[in-house]
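Student: I would like to learn how to read the features of a structure, one at a time. Can we go through a model together?

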Amino acid sequence: MSIDAVPARSVDYNRVFAQAIDRLHEEGRYRVFIDILRNKGQFPNARCFAGHNGPKPITVWCSNDYLAMGQHPAVIAAMEEALHDVGAGSGGTRNIGGNTHYHIDLETELADLHDKEAALLFTSGYVSNEATLSTIARILPGCIIFSDELNHASMIAGIRHSGCEKRVFRHNDLAHLEELLAAEDPSVPKLIAFESVYSMDGDVAPIHAICDLADKYNALTYLDEVHAVGMYGLRGGGISERDDAASRLTIVEGTLGKAFGVMGGYIAADRTVIDVIRSYAPGFIFTTSLSPVLVAGALASVRHLKASTAEREGQQAAAATLKTLFADAGLPVMDTTTHIVPLMVGDPVKAKRISDILLREYGVYVQPINYPTVPRGTERLRFTPGPAHDTAMMQELTAALVEIWGRLELRKAA
Ligand SMILES: *Cc1c(COP(=O)(O)O)cnc(C)c1O
């Protein structure tokens, strides 16, 4: 071997990786995962393994298991039954051995939930967005996607992977959306992609008005209802059910991992649209289907929340109470019309500091939310009270925050 074959030592890989991590530390947004175990049947109580003296009891305030369905007896029982009946995994992709009867039942249930002909399961909500958006736009030559500026990272990934043109409209801004739609050739395929409940600001899209624009400019619509399914509408069909708009949407997308408390994602649409995604989306085709145990749990959860409104009512009541307590205490609670209760901090280092004090001194777990989840300068704490958070817990939380706000001399509400 000649000396020329020895590669030049030009790239110091370790240094590049270390620098990437250092940048996050410098900005105060290096992510620390909190090590917890939830106590079944006692949500929002959990154990935290951050300390050195064994697990410490904490109260969880930032879970997306919004209605505690992840611990619901009907869900647990369905999962146990499935596990003992058919075993742990599905054993294959949907096409090759992994198309279980549970999957078919759940898709039927979800299609009905959203008033659509058909539905399709994915391994997560992220995958459902990425796979569907990237595939549908590739099927439509020349398609332009109109995307709300606050759309979730999974939608942005799908749009990017579709390789099509994208126009970003200002958040929930109908005039801007119309201006962008009107500027394009009427004969070009168009798709408007947006969310119903925006999970970090807690505001809601004007679904009917967006569908009006879609009708006017002959565009398809894609609605991410991840933070609304299970929680809004008479049967938990989301904001599109509450506003009686489901039939106007081309595709409704949801997760089984948040209010439904289990895991997985899905879309619901006309039979033909579902058939296209089923047949063309790599993120659906080339992956092992969800465990039937998970699917059985999700099925029990969806069915329960179709019939029961107690969880939804409890959640709305808890959110209203917490917002009032925060506002009355002068804390900078953001104005939201939903179950999401964000406190604006506006600085990543301070948000982390508050979160650390809450966990260490008060046994309160709320994760700081930083860029790129939210824009820089709008770092916040995001509380998700649910039916199991009682008023005494909320009063304790408010008192703790008031103490910390004073200690750190943080900005109060105007
Ligand atoms: C969490 C989230 C997703 C992804 O859902 P998962 O099931 O957690 O993968 C998609 N869209 C939005 C808006 C989300 O917040």
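Tutor: What follows covers the ligand site, the pockets, the cavity, a sheet and some backbone features. Keep in mind that this is a predicted model.

Student: Which polar atoms lie by an oxygen atom of the ligand?

Tutor: For polar contacts, look for pairs of N or O atoms within 3.5 Å. A polar side-chain atom of His227 is 2.5 Å from an oxygen atom of the ligand. For Lys258, a polar side-chain atom lies at 2.9 Å from a ligand oxygen atom. Gly125 takes part through its backbone, where a polar atom is 2.8 Å from an oxygen atom of the ligand.

Student: How much of the accessible area of the ligand does the protein cover?

Tutor: On its own the ligand has 380 Å² of accessible area, and the protein covers 84% of that.

Student: Now the pockets. How much space lies in the largest pocket, and which residues lie nearest its centre?

Tutor: A pocket is an open space, to be read by its volume and by the residues that line it. The largest pocket holds about 1600 Å³ of space. Its lining has 50 residues, with Arg31, Gln367, Pro368, Ile369 and Thr373 nearest the centre.

Student: Which elements supply that lining?

Tutor: At least two residues each come from strand S1, strand S3 (56–60), helix H5 (153–162), helix H13 (348–362), strand S13 (368–369) and strand S14 (380–383). H13 has the largest share of the lining, with five residues. The lining divides into 22 nonpolar, 15 polar and 13 charged residues.

Student: What of the second largest pocket: how much space does it have, and what lines it?

Tutor: About 280 Å³ of space lies in the second largest pocket. Its lining has 13 residues, and Arg94, Asn99, Leu120, Arg278 and Phe284 are the closest to the centre. Helix H3 (101–113), strand S4 (118–122), helix H9 (271–280) and helix H10 (282–285) each give at least two residues to this lining. Seven lining residues are nonpolar, three are polar and three are charged.

Student: How many cavities of 30 Å³ or more are there?

Tutor: A cavity, unlike a pocket, is a space that a 1.4 Å probe fits but cannot leave. The count here is one cavity of 30 Å³ or more. The largest cavity has a volume of about 80 Å³. Among the residues lining this cavity are Arg94, His103, Phe122 and Phe284. Both S4 and H10 supply at least two residues of the cavity lining. The lining residues of the cavity comprise four nonpolar, six polar and one charged.

Student: Which peptide bonds are cis?

Tutor: Most peptide bonds are trans, and most residues other than glycine have a negative phi. A cis bond joins Phe43 and Pro44, with omega about 10°. Pro44 sits in the loop between S1 and S2. The bond from Tyr371 to Pro372 is also cis, with omega near 5°. Pro372 is in the loop between S13 and S14.

Methods. Residues are numbered from 1 along each chain as its sequence is written. This is a predicted model: local features need pLDDT of at least 70, side-chain atom pairs count only at pLDDT 80 or more; totals for chains, interfaces and linings use all residues. Side-chain values use heavy atoms; hydrogens and water are left out. A polar contact is a pair of N or O atoms within 3.5 Å; within protein, one must be able to donate a hydrogen and the other to accept it, and residues adjacent in sequence count only if both atoms are side-chain atoms. Accessible areas come from the Shrake-Rupley method with a 1.4 Å probe; for residues, only the protein chains shown count as cover. On a 1 Å grid over the protein atoms alone, a cavity is a set of points where a 1.4 Å probe fits but cannot get out, and a pocket is an open set with protein on both sides within 12 Å along at least five of seven lines; lining residues have an atom within 4 Å of a point. Grid points are joined across faces, edges and corners, and a volume is the space filled by probe spheres set on the points. Helices (H or I, at least four residues) and strands (E, at least two) are DSSP runs, numbered from the N terminus. Ala, Val, Leu, Ile, Met, Phe, Trp, Tyr, Cys and Pro count as nonpolar, Asp, Glu, Lys and Arg as charged, and the others, Gly among them, as polar.
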